[in-house]
Amino acid sequence: MVNRIRKAKNRMQNKDLKSVIAVHEAGHALSSMIYFGKFPKKITIKTADSGIGGYVTVDKFSEVNSLAKVRADVKVRLAGKLSEELVFGAECVSDGGANDLYMATKYLMYGATEHGFAKRNVSLEHFYKGDGLVLPIDEEVKTWVLKELDDATTEVRQTLVDFQGVLSILVSNLLRLEELDQVQIEKIFSENKVNLTDLFQHKNLYIPYQEKLEQFLKR
């Protein structure tokens with residue numbers, strides 16, 4: 001009797017964890033489509049039995065790193081946690097986005113201190129403790145990073161609301177199939193009449209460097 005109860009509880013926990021992972025990964029996948037204008041190669045979720053979360057695999061966006069790309073990367077990183085917030089409520093967000101938040105902050109810190117993406121055109125020395133915490137650095141850089149994170153959060157939160165129908169489609173099919181490749185995603189979107197033009201061009205941040213250069217040379 002005790003074993004049956006334990007197994008029943010485990011099944012409930014598995015379903016809960018699977019639900020969280022599906023929402024989280026669907027958020028990453030949806031935001032990558034919106035901001036990078038491409039289908040993911042694969043979206044995978046795992047059951048609680050594996051002890052592993054899910055992941056989204058995408059093609060490399062561009063050989064060129066830029067402030068626009070960093071901002072897009074940050075938004076995709078934040079989208080998993082913000083999807084959970086949209087679906088489950090702010091107080092029920094899991095700790096699954098910890099590494100996403102760390103990486104989003106790191107992208108911006110490097111952008112500001114090493115790549116000259118902040119207001120000042122300068123490279124600043126900075127250090128990390130062994131536990132990944134940032135040691136005190138330039139206040140202007142910290143202000144810029146925090147503003148970028150706040151702006152990205154606001155935008156992604158609204159974007160997920162705008163595209164919550166697509167988010168629902170992804171979540172439902174992830175829960176049913178546990179893994180979706182690009183062909184399956186395209187088929188599912190076609191069957192559900194998802195507006196791909198709106199999805200891929202709404203906020204696509206790809207920068208056509210060659211085209212911009214050609215326009216410059218014609219001046």
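I take buried as under 20% relative accessible area, exposed as over 50%, and partly exposed as in between (1.4 Å probe, protein chains only). The model is predicted, with local features needing pLDDT of at least 70 and side-chain atom pairs pLDDT 80 or more, while totals for chains, interfaces and linings use all residues. Residues are numbered from 1 along each chain as its sequence is written, and side-chain values use heavy atoms, without hydrogens and water.

Entry on Val 161. I looked this residue up in helix H4 (residues 139-162); helices are DSSP runs of H or I, at least four residues, numbered from the N terminus. Val 161 counts as partly exposed because its relative accessibility is 35%. Together with Leu 86, Val 87 and Phe 88, Val 161 makes a nonpolar surface patch of about 280 Å². Patch members have over 30% relative accessible area and no salt bridge, and nonpolar side chains are joined within 5 Å. Helix H2 (residues 67-88) gives the largest share of the patch, three residues.

Entry on H4. I found 24 residues and 35 Å from first C-alpha to last, close to the 34 Å expected at 1.5 Å a residue. The buried residues of H4 include Trp 144, Leu 149 and Ala 152.

Entry on the core. Of its 47 residues, Leu 30, Val 74, Leu 170, Phe 189 and Leu 199 touch the most other members. H1 gives the most to this core, ten residues. Beyond its neighbours within four places in sequence, Val 74 is in contact (heavy atoms within 4.5 Å) with Ala 104, Tyr 107, Leu 108, Leu 149 and Ala 152.

Methods:
Patch = residues over 30% accessible without salt bridge, like charges linked within 9 Å, V, L, I, M, F, W, Y side chains within 5 Å. Areas by Shrake-Rupley, 256 points an atom, 1.4 Å probe, with all protein chains shown as cover. Salt bridge = Lys/Arg side-chain N within 4 Å of Asp/Glu carboxyl O. Helix = DSSP H or I, 4+ residues; strand = E, 2+ residues; numbered from the N terminus. Core = buried A, V, L, I, M, F, W, Y, C linked by side-chain atoms within 4.5 Å. Expected span 1.5 Å × (residues − 1).
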